[in-house]
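Work through the exercises below with the sequence and the model open side by side. Try each task before reading its solution.

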Amino acid sequence: MAIRRSLRMWPALRQLTENDLLGLGTAATSEKTRSLQARTETADRVVPSICPYCAVGCGQLVYVRDQRVIQIEGDPASPLSRGRLCPKGSATKELVTSPLRQTTVRYRRPHGTAWEEISLDQAMDMIADRLIKTRADTFEEVDQQGRPLRRTMAIASLGGATIDNEENYLWRKLMVGLGVVQVENQARI
Amino acid sequence: MTISSPRQASVPLPMWQGGGTRMGFFTDTSICIGCKACEVACKEWNDVPDLDPSWSGNSYDNTLRLGASSWRHVAFVERPRPDTGVGVQWLMSSDVCKHCTRAACMEVCPTGAIFRTEFGTVVVQEDVCNGCGYCVSACPFGVIERRADDGRAFKCTLCYDRLKVGEQPACAKACPTQSIQFGPLDELRERAGARLEVVKNESGHEMAQLYGADETDGVGGFGAFFLLLDAPEVYGMPPAPSYQRRDVATMWAAASVAAGVLLGGVAGAIVWGRR
Amino acid sequence: MVPAANPRSYYGLPIVKRPAWTQEVPWYFFVGGTSGALAATSMVARWSANAGLERRARRLALAGALISPALLISDLGRPSRFLNMLRVFRPTSPMSVGSWTLAGFGSALGAAETAELVGLPAAMVGTAEVAAGVLGPILSTYTAVLLGDTANPIWRGARHLLPFVFSGSSMASAGGALCVAGPVGDLRSARLMVVAGTAVEQLSFFAMERQLGALAEPYAEGRAGTLNTIQRASSLLGAALIATLGRRSRLGAAVGGALTLVGSAALRQCIYRAGFQSAEDPTYLVRSQS
Amino acid sequence: MGSNMAECHPVAFQWVVEAKQNGGKLIHVDPRFTRTSALADRHIPIRAGSDIAFLGGLIHYVLEHQRYFPEYVRSYTNAATIIDERFLDTEDLDGFFSGWNPKERRYDNSSWQYAGGVIHAAAGQRTAPGALERATVVGGSPPQEDPTLQHPRCVFQLLTRHFERYTPEMVEKVTGVSRAAFLELAQTICDNSGRERTTAFVYAVGWTQHTAGAQFIRTAAILQLLLGNMGRTGGGILALRGHANIQGATDIATLFDVLPGYIPVPKVDDPTDLGEFCSLNGGAAGGYWGNLQNYLVSLLKAYWGDAATADNQYGFEYLHRLTGDHSTYQSTLGMVDKTVRGFFVLGENPAVGSAHGGLHRKGLRNLEWLVVRDLYEIETASFWYDSPEIASGELRPEDIDTEVFLLPAAAHTEKSGSFTNTQRLLQWHEQAVEPPGDCRSELWFAYWLGERIRRKLAQREDPRDAAILKLNWNYPLLQPGGDPDPHHVLREICGWDGQGTSLPGLGAVRGDGSTTCGCWIYAGAFAGGTNLTSRRRPHWEQNWVALDWGWAWPMNRRILYNRASADPEGRPWSERKRYVEWDEKTCRWIGPDTPDFPLDRRPDFQPSPGATAENSLSGDRPFIMQSDGRGWLFAPSGLVDGPLPTHYEPQESPLRNALYEQERNPGRQLFRRVDNPYHPSAGEPGSEEFPFVVTTYRLTEHHTAGGMSRFLSRLSQLQPEMFCEVSPELAAERGLRPGGWATIVTLRASIEARVLVTPRVTALKFGNRTVHQVGLPYHWGSRGLVRGDSANDVFPLVLDPNVHIQEVKAATCDIRPGRRPRGGIS
């Protein structure tokens with residue numbers, strides 16, 4: 001039975017049965033080829049997104065299957081990009097799924113010669129302590145003439161052009177609350 | 001032995017089943033900005049392996065060729081302006097498998113791994129190819145290649161899987177300036193003809209030409225043809241690719257005669273040798 | 001910057017790819033070709049009732065028919081998939097035609113041999129032998145079509161002459177093989193095969209170089225050039241020895257035969273190697289097309 | 001000009017290509033022949049840093065040949081305004097304006113004011129000198145005008161005189177652009193401006209990264225105003241910005257000198273009274289800045305919520321105060337000098353991404369603690385064991401006492417939020433997957449760090465902590481321990497009223513504490529309680545302006561000042577250029593875009609006496625952010641280095657200033673210190689040591705300093721090595737072998753690069769002098785899949801005085817064949 005079937009599937013015979021004498025077309029196709037399908041068809045959901053590289057703001061569609069990004073490509077609906085992407089935009093999938101990505105907290109102690117792994121919670125606590133101490137040690141209430149300053153000049157922050165508006169807003173709000181003056185981003189560079 | 005000229009291809013055009021519209025690429029190099037989005041989009045979609053990073057010094061081209069692991073290749077040509085002679089001209093062109101009307105790679109493939117799809121494109125079936133390597137020498141464009149570590153031959157599939165679900169190929173979709181255009185071949189040819197007029201007359205590129213748009217050329221026209229601003233060889237493409245099999249008959253004839261000579265010779269030797 | 005070389009090229013990079021094949025392929029051209037000619041010999045020998053020659057030729061041919069597929073399979077990128085060669089029959093593909101030919105050829109020879117061993121009626125042996133004898137010459141020459149049917153300038157440019165080079169060479173090597181293998185007594189026909197074969201081989205090779213003109217350069221340069229010298233020298237020397245000493249001396253015949261075999265093998269290697277050199281320099285292709 | 005659009009913004013370039021196919025002309029003025037030039041109708045090579053001379057030449061041409069747009073100039077610009085009689089021009093003082101204070105190296109701009117009053121700038125240096133004593137200009141008409149433009153002290157005449165000597169000959173002498181090429185360009189631009197046609201300028205960091213960067217852009221603005229190309233379709237000056245949200249980060253203000261919405265941060269000498277502070281900073285002036293107090297109070301409400309009351313001036317007293325320039329380069333020097341002890345780096349890579357990388361790495365080494373948040377382990381995180389200084393053996397990790405925290409960040413696919421693109425368009429990206437491992441969003445980081453700090457500080461009773469403890473920090477979380485809801489944060493940014501209803505727009509922002517609004521220019525993005533930034537209506541379902549895709553600030557306006565697309569009477573300048581116009585029937589401004597003007601304000605509207613803010617502008621004043629509603633040909637305030645752009649040589653230049661005795665921008669920010677040496681300039685002894693111009697740029701295949709591209713195999717293989725671009729002439733002169741190595745030498749560092757000899761780099765002739773330029777892409781560093789020396793290492797710290805941006809587009813260097821000595825790069 002199986003033999004007869006596989007014989008029937010033998011392309012050399014299908015050349016005759018499928019009127020593809022030269023065997024250049026369908027007769028030559030394999031089972032796998034006939035059932036081929038684009039992986040975007042198998043996505044659980046398609047998430048609207050925006051390219052994270054330059055400021056043109058090209059529309060992207062993120063295809064997700066089993067909670068993993070399986071493809072990122074242009075969103076044809078965007079009046080800015082009309083579905084097109086540059087090489088960087090086209091490489092976005094690698095940007096977010098690369099095995100080279102840092103996924104654990106790393107800590108380097110003073111004079112240390114190697115990274116150490118610490119928990120995110122511990123890192124957050126240590127950072128909070130450093131910030132509080134440095135601020136307390138260097139807080140300037142007023143200047144020499146007694147004019148209010150209410151700030152620390154011993155803490156600086158750089159970055160923001162690659163992160164969201166909401167994130168910039170919250171970060172600056174926190175820094176203003178702490179009196180951290182030197183909050184800057186790429187716009188200056 | 002008379003050899004038929006490339007202009008009159010003798011062998012009947014292999015039909016592709018389904019009779020669906022033939023789809024293809026028109027690459028208009030006059031608006032290519034050399035961004036290589038096509039190269040990246042292709043690799044990302046088709047999971048094509050990376051090349052070892054190496055800097056060539058040939059303008060901005062570090063891919064250098066089409067091959068088993070580069071299915072799109074952007075060529076960069078720097079030279080003095082041919083018209084005025086002063087200033088520079090920087091030609092850029094995204095090369096790809098031509099999906100020939102008469103596809104040598106496919107016709108010589110002994111396993112049936114390479115076949116003609118319902119879209120008229122030429123595709124290698126990775127689950128069938130046994131790496132005989134014949135297609136590599138057969139391709140007039142040096143497109144298809146055997147992957148050393150893998151043994152099988154690979155080339156552009158014109159995103160067969162995407163076409164099957166009505167999507168356009170990854171490179172054409174990404175191309176920012178639509179230098180790479182995808183669509184029904186006859187429409188593309190029309191568009192290209194009109195575009196050529198503009199490029200020649202308005203932009204003043206005297207050498208501008210369509211490459212592979214013409215059914216009567218050596219390989220019966222490309223499924224992926226080009227508008228070039230200069231001769232094909234300047235971009236590393238063959239000037240007049242011809243369809244080897246157009247004189248397959250004479251080749252086999254020669255072989256038969258030669259076989260005859262062999263048989264005759266042997267017979268003669270034996271008969272004569274008897275005395 | 002693109003050098004202003006003429007004919008122009010893209011940074012001097014190759015346009016067509018160098019062959020993906022390995023050493024086994026030219027060896028197969030040699031072994032398969034010889035074995036094909038031997039099968040023809042054994043067929044004719046049977047008609048001319050030369051049982052000794054028939055059997056010897058057939059056995060040698062069979063040996064070749066067994067080695068050939070081994071060579072081909074080891075050349076594949078995916079040897080495990082060698083059976084796919086018989087997956088389809090593509091008349092458009094010399095390799096497909098060749099695979100089926102080789103399959104038929106091998107089985108025919110095998111059948112002939114077994115039939116004889118188990119003492120089946122002579123007619124059966126004969127039929128099988130005829131089958132092999134007819135397929136044989138095709139096996140010897142189709143490989144030339146296989147090379148001619150590529151985009152490689154130096155092969156493609158000679159597509160109508162290569163078959164003669166191959167048939168002549170196969171005839172010569174078949175004769176050579178017999179000279180090495182056989183007793184001095186009935187070597188006359190084998191010697192004639194060597195001389196005639198070498199003549200056809202060398203003449204058509206010469207004509208081929210003429211026809212190729214500038215494209216023939218690789219035959220004079222690099223490894224292909226060296227192999228060319230070797231093949232020409234040993235073929236001519238072999239033929240000369242066979243024609244002279246081979247008459248009387250068994251040793252002379254054997255040495256001449258050996259030289260012929262070397263020449264014939266070197267010839268295939270030379271042509272194969274030239275394909276690489278021809279592909280690597282884009283100017284050959286551009287010249288051949290402009 | 002100053003942009004390589006095809007390479008740095010390829011997808012936006014599709015519109016240029018399309019315009020070209022519709023008959024548009026593309027002219028690329030750039031030191032290098034780039035992939036943009038390849039597609040241009042014409043490429044004009046220019047000496048890096050000489051753009052003001054070039055644009056000034058165009059202004060001179062337009063004025064001399066009367067090619068300006070008379071109606072537009074007369075009604076929409078301050079051409080007729082008469083300037084204070086004390087004003088003296090660079091023509092009078094050979095490169096200086098009146099008011100220069102050599103001791104403090106700064107200008108007092110009181111003599112630049114409108115005669116009979118002071119005027120506030122819409123941006124930049126907001127405070128006008130003596131604004132409290134003298135009458136502030138309010139309303140459409142400044143005190144003194146001459147509509148005939150003949151008055152010797154009217155802006156038009158001053159402008160004419162200022163650019164008198166910017167002749168085609170002078171342009172050739174300064175920029176290296178031939179007289180013929182220049183005139184052809186000038187012709188083209190004029191022919192393509194006016195009622196029927198418009199010309200647009202596109203620029204990027206090629207204009208900003210200079211010691212007179214702000215003035216480069218000012219020059220283009222003057223030209224575009226004269227030609228009537230502002231506020232109209234196909235016109236304007238388009239800034240192409242480099243990062244997904246660099247515009248938003250500027251708006252929402254992770255910048256030291258502005259609060260969200262460009263509200264100035266109080267300086268130490270500003271009044272402590274909220275009202276006084278506002279009027280001093282433009283709050284008493286005309287135009288929309290007249291509502292400064294509304295914007296500020298609503299922001300303070302967003303920051304301190306219920307703790308912001310009338311009694312504590314809505315928390316104005318909580319705000320810290322500035323004592324000068326506290327920009328990032330000052331912070332870097334602070335780190336080097338150990339006054340800055342702690343440093344947060346969020347998705348940036350100063351170790352290789354900022355000018356004078358060596359100095360930045362020195363700063364990092366002198367820190368007490370450093371927090372780096374990124375997707376990959378970038379140079380700024382690994383400087384202590386992997387940097388040129390370590391490689392050279394100059395230092396060992398053991399010697400470095402900085403404590404480093406590297407926190408993995410979430411990618412844009414792992415969080416929801418909005419980006420503001422280069423055209424002020426807010427677009428929302430949805431979270432697709434959960435971030436892996438310890439990766440977290442900056443939203444999470446900011447919120448939870450704040451929580452911890454507040455919890456820790458709550459225990460101690462320190463009055464200095466009031467601002468942080470009273471901060472409104474109540475945000476709904478997506479899940480326990482997770483991110484705050486980004487939609488809620490955006491709502492706070494866009495603001496709500498007493499009932500918590502989202503504000504319909506910036507007009508609804510109040511100064512009486514009844515509204516909360518985190519960024520007044522974003523007010524309206526959440527109108528009707530829906531997140532308008534997440535709108536994705538396909539472009540084929542709407543008109544070409546596509547107002548239903550995302551949301552552009554302010555008020556979803558896509559072309560700013562688009563009132564100027566109609567004539568003073570409100571009629572389109574031409575049918576071809578019809579955009580926004582006055583509709584008598586509905587008594588409204590109508591058009592495919594949101595009119596950038598009070599919707600129902602008649603063209604013939606005249607303000608009632610005493611009216612303030614936008615109500616003080618008459619109906620024919622399109623530039624509603626300016627206190628006089630006009631486009632400023634002459635900037636009486638706002639800029640610290642002059643009311644009119646003036647050509648100065650870069651800090652390091654091979655040529656002397658051909659126009660003035662004063663070589664360089666007098667106001668530029670210098671840092672004379674041993675670790676920041678400058679090269680002697682033309683004429684000075686030793687200048688011949690560094691005879692070539694060096695400039696930096698990006699390649700399509702990489703992104704800025706490489707943090708988002710060098711770690712990606714797909715991109716790395718496309719541009720795998722650091723290289724330099726030199727002309728065949730320079731290669732011959734210096735014996736540089738194509739494909740070989742070269743070392744670029746400066747007093748800051750020597751870096752090596754592969755040599756790409758190309759005719760795309762042209763040697764410019766200046767009389768008998770040839771100036772060679774060396775081009776350096778700045779994508780590489782010591783990390784990633786492809787590595788190389790960092791171009792930024794060779795540049796000094798020297799800044800534009802207005803915006804404190806470094807000059808990396810023009811400096812001097814030497815170049816020699818071969819690799820750099822292995823002994824280290826500095």
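The model is predicted: local features need pLDDT of at least 70, side-chain atom pairs count only at pLDDT 80 or more, and totals for chains, interfaces and linings use all residues. Residues are numbered from 1 along each chain as its sequence is written, while chains are lettered from A and ligands numbered from 1 in the order in which they are written.

**Exercise 1. Describe the overall form of chain A.**

Step 1. Count the secondary structure: chain A has seven helices and eight strands. Helices (H or I, at least four residues) and strands (E, at least two) are DSSP runs, numbered from the N terminus.

Step 2. Compare the radius of gyration with the globule rule. Chain A has 29 Å, whereas a compact globule of 189 residues would have a value near 16 Å. The radius is taken over C-alpha atoms, and the rule is 2.2 Å times the number of residues to the power 0.38.

Step 3. Check the extents: the C-alpha trace spans about 100 × 45 × 25 Å along its principal axes.

Step 4. Locate the domains. Chain A is assigned domain 1 (2-34), domain 2 (39-97) and domain 3 (119-188), with bounds from an automatic or database domain assignment. The C-alpha centres of domain 1 and domain 3 of chain A are 71 Å apart.

Step 5. Look at burial: 53% of the 189 residues of chain A count as buried. A residue is buried if 20 or more other C-beta atoms, placed from the backbone, lie within 10 Å of its own; it is exposed at 12 or fewer and partly exposed in between.

**Exercise 2. Characterise the contact between chain A and chain D.**

Step 1. Count the residues: 97 come from chain A and 127 from chain D. Two residues are in contact if their C-beta atoms, placed from the backbone, lie within 7 Å.

Step 2. Find the main contributor on chain A. Helix 7 (residues 165-178) of chain A gives the largest share of that side, 13 residues.

Step 3. Sort that side by class: 52 nonpolar, 23 polar and 22 charged residues. Ala, Val, Leu, Ile, Met, Phe, Trp, Tyr, Cys and Pro count as nonpolar, Asp, Glu, Lys and Arg as charged, and the others, Gly among them, as polar.

Step 4. Strand 4 (residues 106-108) of chain A and strand 11 (residues 403-408) of chain D run antiparallel, joined by three bridges. A:Tyr107 has D:Phe405 as its bridge partner. Strands pair if DSSP finds at least two bridges between them.

**Exercise 3. Describe how the two domains of chain C meet.**

Step 1. Chain C divides into domain 1 (21-149) and domain 2 (151-290). Their contact takes 23 residues from domain 1 and 24 residues from domain 2.

Step 2. On the domain 1 side, helix 1 of chain C supplies the largest share, ten residues.
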